[in-house]
Amino acid sequence: MESSKIGGTKDMNGRKKVVIIGGGITGLSAAYYMQKEVNEQGHPLDITLIEASPELGGKIQTVRRDGYVIERGPDSFLIRKKSVDQLASDLGIADQLVRNATGQAYILLQDQMHPIPAGAVMGIPTEVKPFITSGLFSLSGKLRAAGDFVLPRSEVSGDQSLGKFFRRRFGTEVVENLIEPLLSGVYAGDIDQMSLESTFPQFYEVERKHRSLILGMKKTTPKQLPQKNSHSSKKMGAFHTFRQGLEAVVEALEEQLDPVVVMKGTRVIKVDKQDDRVILTLSDQQQIEADAVIMATSHSVASQLFEPHGLLKELGTIPTTSVATVALGFPKSAMKREIDGTGFLVPRSSNYSITACTLVDRKWPTTTPDDKVMVRAFVGRIGEEAIVDLPDSEIEKIVLKDLGEILGLEGQPEFCIITRWKEDRPQYRVGHKEKILRARQELHEQFPMIQLAGASYNGVGLPDCIDQGVAAMENILTDLFK
């Protein structure tokens, strides 16, 4: 079948055309803020957003049923990173934001729930007493961690693994029992391969400036303030979500993307260029011509699309891992073992299959009916991915067994929603930052009108993705209308 071209010729009506590939939060944010800029500045520009799946939002997926608000993907974002709060304000939905309820979080070690020591910032102690009295570490482990006070700065230049960095400062026991469960959970990765420079560069900077991480984090970590307008000394939660789930922001974005053309259920299967324009071939064999493109897809999709041009091969070497989330609802009477907290993490040394568990009704009270409890368990991480491929019934059985032993949950859940994220979590391994810089440089040499953005590149959190989409949008508008 002969393909048809849409999008017009280069100078039709003097207008420019930008195509955004990928309708996750990165692409949606880029489209929204580009549209906003076009409306305010009067740029002659048409915007098209193309998404391969039938729905927008990418990993943001919320199920609302029987009074529950159930997240299949991310459930919140850090308040100190302002991008999502700003987006909510711009969309007019800031009044829907809710802050998490604070409560104790635990590490499950040798079948015992150990509170994460007060003052620990991503596992690094800023208060000595809670660390000394913690049952997470032996006396020798605590003494080894105290070496941080006297150890010199690292002499490593360039990138290094998180594991190498933290083992040198605190020893193996503190890393494996506390730091590894906290840090690797974000990426479902191996702390001994994860890049310090690309994941938590602030720790390197603290060591460089203060030498001791403990003393440096104590000096640089802002003090948490009590709740406003309250006589309570309870600290404020560090996370935000939306009362009706994170999909609320996707719904608001989609509603306000006008006149952006949104094409769902459509894949880009080929990328070419003619002179200074990009030619995109779609899965229905239509072609779109564009003056600029934001590639807000995964690195693997970008690598495949540019393989015919001999570009972005190195992106294809970025490993991924598979995880699954398991959300379960129960009547309150089903939980026989009360835990005064919001959830727990499970170290690799554990005999359990789950890697973490959130007591959702405790952390996010607005998600759950008053007479119910909801838990959200996680399975799968680097080296432990086979469980993700099991049938739903097997995953449910495994998770229920673990939760029965840990939380005393009895009976069958009212619902069990399992979501698999196959080959989905990009692994930021040592050298990741340089790899991304090289990829962007080689793409710029042949396709200077194409920008890469998204969770595969410069941060996996929702604010990081929004920031990347906005930066790509700004770069393109500068190039087109400078």
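Start inside the protein, at the largest cavity, which holds about 110 Å³ of space. On a 1 Å grid over the protein atoms alone, a cavity is a set of points where a 1.4 Å probe fits but cannot get out, and lining residues have an atom within 4 Å of a point. Grid points are joined across faces, edges and corners, and the volume is the space filled by probe spheres set on the points. By this rule, the count is one cavity of 30 Å³ or more.

Before you go on, keep in mind that this is a predicted model, in which local features need pLDDT of at least 70, side-chain atom pairs count only at pLDDT 80 or more, and totals for chains, interfaces and linings use all residues. Residues are numbered from 1 along each chain as its sequence is written, and side-chain values use heavy atoms, with hydrogens and water left out.

**Around the cavity**

Select Val69, Glu71, Asp75, Val360 and Thr367: of the 13 lining residues, these lie nearest the centre of the largest cavity. Next, colour strand S5 (68-71), strand S12 (239-242) and strand S21 (372-379), each of which supplies at least two residues of the lining. Helices (H or I, at least four residues) and strands (E, at least two) are DSSP runs, numbered from the N terminus. Which strand gives the largest share of this lining? That is S5, with three residues. By class, the lining has six nonpolar, four polar and three charged residues; Ala, Val, Leu, Ile, Met, Phe, Trp, Tyr, Cys and Pro count as nonpolar, Asp, Glu, Lys and Arg as charged, and the others, Gly among them, as polar.

**On to a pocket**

Now move to the second largest pocket, with a volume of about 210 Å³. A pocket is an open set of points with protein on both sides within 12 Å along at least five of seven lines. Eleven residues line the second largest pocket, and Asp276, Asp291, Met449, Asp479 and Leu480 lie nearest its centre. Helix H15 gives the largest share of this lining, three residues. The lining divides into five nonpolar, one polar and five charged residues.

**Salt bridges**

Buried means under 20% relative accessible area, exposed over 50%, and partly exposed in between (1.4 Å probe, protein chains only).

Then select Lys59 and Asp424, whose side chains meet in a salt bridge (3.6 Å, N to O). Lys59 lies in the loop between strand S3 (45-51) and strand S4 (62-65) and Asp424 in strand S22 (residues 415-426), so the pair ties together parts that are 365 residues apart in sequence. Lys59 is partly exposed, at 36% relative accessible area, and Asp424 is buried, at 19%.

For another pair, show Arg381 and Glu384, with closest N and O atoms 3.1 Å apart in their salt bridge. Arg381 is buried, with a relative accessible area of 6%, whereas Glu384 is partly exposed at 29%. Also highlight Asp148, Arg168, Arg169 and Glu207, which salt bridges with shared partners join into one network. A search of the whole structure finds 24 salt bridges.

Zoom to Leu97 in strand S7 (residues 97-99). Leu97 is buried, with a relative accessible area of 16%. Not counting residues up to four places away in sequence, Leu97 touches Phe77, Asp85, Ala88, His240, Thr241 and Phe242, where contact means heavy atoms within 4.5 Å.

Leu178 is found in helix H6 (residues 172-187) and is buried, with a relative accessible area of 1%. Leaving aside neighbours within four places in sequence, Leu178 is in contact with Ile107, Ile116, Pro117, Gly123, Leu136 and Phe137.

**Last stop: the domains**

Finally, colour domain 1 (16-55 + 246-318 + 429-481), domain 2 (117-220) and domain 3 (320-426); these bounds come from an automatic or database domain assignment. The centres of domain 1 and domain 2, taken over C-alpha atoms, are separated by 36 Å. Seven residues of domain 1 are in contact with ten residues of domain 2.

Note on methods: A salt bridge is a side-chain nitrogen of Lys or Arg within 4 Å of a carboxyl oxygen of Asp or Glu.
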